[in-house]
Amino acid sequence: MTTGKALELPFSGRQNPIMSHLIARRGFGAGVLAVLLLWPVGSASAAGEGVVLAPHRAVYEMSLATSRGGTGVTAVTGRMVYELTGSVCEGYTQNMRFVTQMVNQGGTAILTDLRSSSWEDAGSKRFRFNSSQYRDEKATEITAGDAARANTSDDVKVELTKPAKKDLSLSGRVHFPVQHSIALLKAAAAGKTIFRADLYDGSEKGEKVYDTVSFIGRHRLAGANRKLKQVKGAERLDQLPAWPVSIGYFEPDSDNKDAVPVYELSFLFFENGVSRKLFIDYGEFAMNGVLKEITFHPPSKCEQK
């Protein structure tokens, strides 16, 4: 497994356990990040065919979009740094750091810091993950584990090492984060408007599987990026098509049409896996994420056999 150092972000202050819990329920795999089958839901397909993810490092500025009654949240500022490296040959490594500073009605500034790192086999057979939450610069929760299956249709065996040793068995139809992102892009390119998949990203102490439902908007031709605020390095997106995507994360087996998602994530998804115009709705409040800078890395070269 290839891992990276925690991505540095300059924030200070106290941390909020409620905010920490909300942010921990992230859907950011390859993305945001993220990010991330078949109709109807069946066994998970292998990732990689026809989709090439661009290794990159993106920085998003986070701010409060709306706060609903009773939350006591008056302001949220922060930053999320997401980095993807690797290739279809060596697998993909994702590193993310998500730091937010929240202000309550009493004027108290509260800090939450989430750091995660994962590696995923390009064939969707192996997924290793490690995430930490910090309060007052002290780790309050650490999750680590290794998920594997012999074939993409086989059940997934999970070995958790933190916070405690535990073995889990998951349905073979679950998608890992990069696999989910690639499958979503393939669905969008095929003209699909609804995409449903079970997602396992190591959330909730490594024991959570989300039932995700994605709504894919109308295809945006190359040039959509030019209509957004210019960001250094983002001109590479000018020649790429994109799709507005909204993903609802539900509790497992939420087949009731009136089920409410745990949270929702919306973004403009470019065909190379880069996201812009983030919007995260936690129910109690929602946040906007604006791309501030992006650097594209050279893709890893595959060794000749």
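## A spot in a loop

Where is the place of Asp201? Look in the loop that runs between strand 9 (194-199) and helix 3 (203-206). Asp201 counts as buried, because its relative accessibility is 6%, under the 20% cut-off. Its side chain has a partner, too: a polar contact of 2.5 Å joins Asp201 to the side chain of Ser203.

## How confident is the model?

Keep in mind that this is a predicted model. The protein's mean pLDDT is 82, with 81% of the residues at 70 or more. Over residues 1-48, though, the pLDDT is below 50, and that stretch has 168 contacts in the model beyond near neighbours in sequence.

## Salt bridges

Side chains of opposite charge can pair when their charged atoms come close. Searching the whole structure turns up 11 salt bridges. One of them joins Glu293 and Arg57, with the closest N and O atoms 3.9 Å apart. Glu293 sits in strand 14 (residues 285-296) and Arg57 in strand 1 (residues 56-67), 236 residues apart. Both ends are partly exposed: Glu293 at 39% and Arg57 at 24%.

Asp113 and Arg97 make another salt bridge, at 2.6 Å between the closest N and O atoms. Here strand 4 (residues 109-120) supplies Asp113 and strand 3 (residues 91-104) supplies Arg97. Asp113 and Arg97 are both buried.

Then there's Lys166 with Glu207, at 3.2 Å from N to O. Lys166 is in strand 8 (residues 166-170) and Glu207 is in the loop between helix 3 and strand 10 (210-216), so this pair ties together parts 41 residues apart in sequence.

Terms used. Residues are numbered from 1 along each chain as its sequence is written. This is a predicted model: local features need pLDDT of at least 70, side-chain atom pairs count only at pLDDT 80 or more; totals for chains, interfaces and linings use all residues. Side-chain values use heavy atoms; hydrogens and water are left out. pLDDT is the predictor's confidence in each residue, from 0 to 100. Contact means heavy atoms within 4.5 Å. Helices (H or I, at least four residues) and strands (E, at least two) are DSSP runs, numbered from the N terminus. Buried means under 20% relative accessible area, exposed over 50%, partly exposed in between (1.4 Å probe, protein chains only). A polar contact is a pair of N or O atoms within 3.5 Å; within protein, one must be able to donate a hydrogen and the other to accept it, and residues adjacent in sequence count only if both atoms are side-chain atoms. A salt bridge is a side-chain nitrogen of Lys or Arg within 4 Å of a carboxyl oxygen of Asp or Glu.
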